[in-house]
Amino acid sequence: MTTATSRHSDRRISPVFLGIVAVMAVTGWAVWTDFAASPGIAVFLFVTSAWIVSLCLHEYAHARTALHSGDISIGTKGYLTLNPLVYTHAMLSIVLPVLFVILGGIGLPGGAVFIERGRITGRWKHSLISAAGPLTNLLFAVVCTAPFWLDALDGVPWVFRFALAFLALLQITAAILNSLPVPGLDGYGMIEPWLSYKIRRQVEPYAPFGLLAVFGILFIPEVNLAFFSVIDAVLSGLGVHEDYSYCGQDFYQFWSDRNPGCEAVVSR
């Protein structure tokens, strides 16, 4: 009985996560109804809380896939509760990704849950565990853009459209960047099981710096332009015009000068 109760508590959704979802719902309502005195602050809170929710789901996908692949220790670590405070590196998993969004408008992935890989057999299982996170971001983007590709925007307020478009941009950037075969990112985790032991040992010391290296490379103007051209193309395929996501970022960064074109659209 005690074991069963313990297992149930290990998988109960955390009040911390429910609180973040509540903030997302309330601020989303504020954006939709134009209830807030400053729409920029409402968009900031809505997108930030939704981004944290997506980070939690990203890590949950890793953990859940690992559990079904053989790592039964996942539950006792609290990863199935969706509580962001139990992650191995809260700074990498939550704080840095949020700072990247605030400062650069880029959805960079965070750290990972600790998975006991020795409990899992089969290279395909290891690859799938790593792929589960980016696939979750991609699914989140599809949900965010549903009103666009379903042509169901009638009655959806302009600022809310912008916020959804920017949130979708963050999800797509996270999915693409995290799928790069760079040590420390999920993309490398997908191919690592198929590499020789010698190569894995040589690459291992660089894993902690992979995320920072990607962020640094994105500061190169030519790389940044090419990368966001790809992002805009993906968003366009989902029915989202690039102006929507840029206006969403414009409202999100409410402390900066507002693009008059975005304001003009909203005031129609």
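The following questions and answers cover the cysteines and two further residues of this predicted model.

Local features here need pLDDT of at least 70 and side-chain atom pairs pLDDT 80 or more, while totals for chains, interfaces and linings use all residues. Residues are numbered from 1 along each chain as its sequence is written, and side-chain values use heavy atoms, with hydrogens and water left out.

Student: How many disulfides does a search of the whole structure find?
Tutor: A disulfide is a pair of cysteine sulfur atoms within 2.5 Å. Cys-247 and Cys-262 form one, with their sulfur atoms 2.0 Å apart. Over the whole structure, the number found is 1.

Student: Is the disulfide of Cys-247 and Cys-262 left-handed or right-handed?
Tutor: The handedness follows from the torsion about the S-S bond, which is about -85 degrees. The disulfide of Cys-247 and Cys-262 is therefore left-handed.

Student: Which helices hold Cys-247 and Cys-262?
Tutor: Helices are DSSP runs (H or I, at least four residues), numbered from the N terminus. The two cysteines are 15 residues apart, and the pair links distant parts of the chain. Cys-247 lies in residues 242-252 and Cys-262 in residues 260-266, which are helix α12 and helix α13.

Student: Are Cys-247 and Cys-262 buried or exposed?
Tutor: Buried means under 20% relative accessible area, exposed over 50%, and partly exposed in between (1.4 Å probe, protein chains only). By that scale, both Cys-247 and Cys-262 are buried.

Student: How far from Cys-56 is the nearest cysteine sulfur?
Tutor: Cys-56 is in no disulfide. The nearest cysteine sulfur belongs to Cys-144, at a distance of 15 Å.

Student: Why does Cys-144 count as buried?
Tutor: Cys-144 is also in no disulfide, the nearest cysteine sulfur being that of Cys-56. Cys-144 counts as buried because its relative accessibility is 6%.

Student: What is the accessibility class of Ala-22?
Tutor: Ala-22 sits in helix α2, residues 15-33. Its relative accessibility is 40%, so Ala-22 counts as partly exposed.

Student: Which residues does Thr-65 touch, not counting those up to four places away in sequence?
Tutor: Thr-65 is in helix α3, residues 39-69, and is buried, with a relative accessible area of 17%. Contact means heavy atoms within 4.5 Å. With the sequence exclusion applied, Thr-65 touches Leu-128, Ile-129 and Ala-132.
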